[in-house]
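Please read them with the coordinates open.

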Amino acid sequence: LQMSSTISLIKSALEYLSLHLLRRIEIRYRLINSFILLSLLPLLISGYISYVESSKAIEEKTRTFSTEMVKQVSKNVQLRMAQIDAESENLVLSDRVQDALADVADGNEMTRSAARQSLTRTLLDNYGSFDFINQKYILDKDNNILDTQVFAQLTHGVVGFVRRAPDLHGRPYWGSYDNGVGQQSLGMLRAIISKSSNKLIGNLFLVIRPEHFSTIFDDVDLGNGTDIFILDASNGKVIVWPNRKPFNATEEASEATLIAKVAHSMQSREQSSFVTFTDQGQHKYFAAYTQIPGTSWFVVSTIPKDRLTAEVQSVRNKIVLIGVLGFLFSIVLAYIVSRSISIPLRKLVGKMRETCKDANGIHVENATSNLHEIEGPDELGRLAHSFDVMQVAISQKIQQINEINASLEQTVEERTAALVSREQELRTLIENSPDTIARYDRNCRRLYVNPAFGEMIDGGVPGMLGRKPSEYPGGQDVALYESLINEVFATGENTQFELKWPAKNGREICSHIRLTAERDGAGNVTSVLAIGRDITELNESRAKLRQANEKLERMNVQLQTLATSDPLTQLPNRRLLLDRLRHASAASHRTGQTGALLFIDLDDFKTINDTLGHDSGDYLLQQVAQRLKDCVREGDTVARIGGDEFVVMLEDLSKDRLEAAAQTEAVGNKILVSLNLPYQLASRKCSNTPSIGVTLFGGGQQQSVDELLKQADIAMYHSKKFGRNTLHFFDQLMQDIIEARVTNEIELRNSFENKQFQLHYQIQVDSLCHALGAEALIRWNHSKRGAVPPAQFIPLAEETGLILPIGQWVLDTACAQIKAWAHDTLTRDLVLAVNVCAKQFRQADFVAQVQSCVQRHVIDPTRLKLELTESILLEDIEATIATMNALKAIGVQLSLDDFGTGYSSLQYLKRLPL
């Protein structure tokens, strides 16, 4: 009940205010007041909202821009750190540094001094050309600087830096470095791990000038008074700042509030943030910072808040000024508008009254009475009656008009909706297209640019409208671009091409441009639409593909070269030689011309390798290769087929085989002379001789390459057999001898395994024919050739090594015979002589073999006599005498056979226990 009475009271008050109080005021005054209120109120409200929203928007953009800027700077800093890290990694893994540190740790004083000097030279070689490397040291595993000329204060700073560095398991540690004299620099420490033991053997320490990282800031567009620098959160000091302007961020960075927030972010592992802080002068700042991974460094960007809000405050003042001017203008405008409404309204009321007085009878009385009833103190009341009079006629006309309007409105709404929908679709496509879209007039000036195009250029859309491509952004192909636009205007034909042009931050973009002519209703070209698609990545992929193909071709060439060349001498290898020999042999067979193959082997090359080292041996082989190439024609082939073996192939010799042999012998003698000249190996000269075997091919004869190489090889061994440093031609007798030797070797091995050997005993008597002893003689009972004497198979056995098992068998069989003879009175005193060759006597365990054989058969050792050849005395006489004394100690008798056939001295007979 109380609520209803309150509502009724409010309604009554509003009704009194609207129908009685306000209607006492003329309409023109009401209009003036309403106009002023309606124009000022939105202006003030919108001004206040714009001020607040602008402040928030500027702060949010500042947050976004500053955060992205410090992240980008952080990435650029990481890239430069990665470059320095890659250089240092190659250095610490090099054998030069690893070996030098090993010498420092384990060598003597002289070795350590040389190692320190080597490390100092290594640092200068690797970092001497880098002006941003201020200091560079290598420390041993105990963190002692190996450069003894370093000042003590620097040594103290370096050691302190190393002790602060945590163990990063081989990754580099970065931190700020104070050299002890007030200079703040950047330090990098990398542990040096031994590649052999995987243990710490030292550290590499580099001091980098801050200016090396300061240049990164030169590419950063700060603006608005923004300061950017790198802060070390571990000590609160600024370590890197821009070079291009006086640095004023040190005091800001030293504020305890900012340092505390950055330190808190490092402790909470928050890599980046945006904060506000107040300096000692109560000035507010915005700060964005991000941590450089793996360090205690933060990239910090600060901007004073008053610089951001200065522009907003200026806008606010302008809004106030505009509000005052709007107030004055609204008074004038309201007065003019109110008069323009009230004067015609009065005239209209007069006309209405005249119209009502002209009406007939009852209608006029009713109209007059009604007019007095509704007439009020304002103009509206006086108009009400007049409108009632015309209501009927007007309502009929309105009905007709409404029907027509309804039909027209429906048609207009349908067409308008279709046009709006189509326009919206086109606008959405253009505004959101990733392609660049621009419209040009006949002067090649831009009439329209879509947002995607504007984002790629400094200055955006406003900076591009009304300008030619040559004016902005420019580039090397703009002349072609404008000529093609003019060509489309002239011919009306569409075209397309690729264009390179500069975008933001100096980046070059390659676009595929399609130019389309736009025509009016008469078919005339009014403008040209240019649609471009970014194909930069496609071009880069094409370039990478070309580079990859070129690299692959180079690798194929290298692989082909490696497959056919000797890596040491760069001569053709066996594979290429065989291929050329096949072609040369086939060509010689067709043409009838003769070719030659010279097989060259260096005499005693193993001695050079053993005495002077393999490096000297390799250098000698290289010199031999060059000398061989100098001895033959340009079209001839010189190849190295392995070790110290070379092959020279001569082609297109005379068709007369004897004349071709003479030509080949001349080349061979030339090679002998050249290879007999001294070789300079390191600091000494050395001599070496070759053995050469020659075989001819062609001249109507067809032979395989394997046969030719085999024949040349046989001829070469024949040269070695006849004293070396000679040249021999292959003939069939050599082949027969070699084949017979191989056959005999196989049969000899099989015969020993099949126990086809037998001992014969030749009796020894005195002048009265009394038996004194016997000599054991071996015979080979060949299945086809019968008993083969020793002279025909013992030399072969010595060459193949079969002489050792055969000699052991002879000794064992002879001891068994001595034991058998011991049971007969006629033979028990006989001494049995057994021949021993030099190779058998030189065995380390020969004395033990003899003693074991004597003990195994349980015989009197004095009944065994070993006959030694004079050749045993030619090598190491002292070792020979020692072995003979050991045999004499067992009780075995010794005798010397064939003395005088060699070159041993008679003085030896006095020392030998014979």
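1. Start with the pair α24 and α25. Helix α24 covers residues 846-857 and helix α25 covers residues 877-890. They pack at an angle of about 15°, and their axes are 10 Å apart. An angle under 35 degrees counts as roughly parallel, so α24 is roughly parallel to α25. The crossing of the two helices is right-handed. On the α24 side the contact uses Phe846, Val847, Val850 and Gln851. On the α25 side it uses Thr883, Ala886, Leu887 and Ile890. By class, this contact of α24 with α25 has 6 nonpolar and 2 polar residues, with no charged ones.

2. A caution on the source: this is a predicted model. Please keep that in mind for every point in this note.

3. Now the overall picture. The protein has 26 helices and 27 strands. Of its 914 residues, 39% are buried. Among contacts with a separation of 6 or more, 60% are between residues 24 or more positions apart. The accessible surface comes to about 52600 Å². Carbon and sulfur atoms hold 54% of that surface.

4. Helix α24 has another partner, α22. Helix α22 spans residues 803-821. Its packing angle with α24 is about 30°, and the axes are 9 Å apart. The angle makes α22 roughly parallel to α24. This crossing, too, is right-handed. From α22 come Gln808, Leu811, Asp812, Cys815, Ala816 and Lys819. From α24 come Gln849, Val850, Cys853, Arg856 and His857. The residues of this contact divide into 5 nonpolar, 3 polar and 3 charged. Val850 deserves a look, as it is listed in the contact with α25 and also in the contact with α22.

5. What follows α24? The loop between α24 and β26 (864-869) holds Val858. Val858 has a positive phi of about 55°, although it is not a glycine. Most residues other than glycine have a negative phi. Is Val858 buried or exposed? At 64% relative accessibility, Val858 counts as exposed.

6. Asn198 is a further non-glycine residue with a positive phi, here about 60°. Asn198 sits in the loop between β3 (184-193) and β4 (200-208). With a relative accessible area of 63%, Asn198 is exposed. I would inspect the backbone at Asn198 and at Val858 side by side.

7. Turn to strand β25, residues 831-836, where Leu832 is found. Leu832 is buried, and its relative accessible area is 0%. Which residues does Leu832 touch, leaving aside those up to four places away in sequence? They are Tyr761, Ala774, Glu775, Ala776, Ala814, Gln817, Ile818, Trp821, Arg863, Leu864 and Lys865. Ala814, Gln817, Ile818 and Trp821 among these fall within the residue range of α22, 803-821. Leu864 and Lys865 fall within the range of β26, 864-869. Leu832 and Thr862 are 30 residues apart in sequence, and their C-alpha atoms are 9.4 Å apart in space.

8. Thr880 belongs to helix α25. Thr880 has 0% relative accessibility, so it counts as buried. Beyond residues up to four places away in sequence, Thr880 touches Phe841, Arg842, Ile872, Leu873 and Glu875.

9. Helices α16 (residues 605-612) and α17 (residues 614-631) make another pair. Their axes come within 6 Å and cross at roughly 140°. The two helices are therefore oblique to each other. Phe605, Ile608, Asn609 and Leu612 of α16 meet His614, Ser616, Gly617, Leu620 and Leu621 of α17. By class, the residues of this contact divide into 5 nonpolar, 4 polar and no charged.

10. Last, helix α21, residues 790-800. Which of its residues are buried? They are Phe793, Ile794, Leu796, Ala797 and Thr800. An α-helix has 3.6 residues a turn, so residues three or four places apart point the same way. Just after α21, Gly801 takes a positive phi of about 90°.

Technical notes:
Residues numbered from 1 in each chain as written. Predicted model: local features only at pLDDT ≥ 70, side-chain atom pairs only at ≥ 80, totals over all residues. Heavy atoms only, no water. Helix = DSSP H or I, 4+ residues; strand = E, 2+ residues; numbered from the N terminus. Buried < 20%, exposed > 50% of the residue type's maximum accessible area, 1.4 Å probe, protein only. Contact = heavy atoms within 4.5 Å. Areas by Shrake-Rupley, 256 points an atom, 1.4 Å probe, with all protein chains shown as cover. Axes fitted to C-alpha atoms, helices over the stretch in contact; angles between N-to-C directions. Parallel < 35°, antiparallel > 145°, perpendicular 65-115°, else oblique. Left-handed = near helix turned anticlockwise from the far one by under 90°. Nonpolar A, V, L, I, M, F, W, Y, C, P; charged D, E, K, R; others polar.
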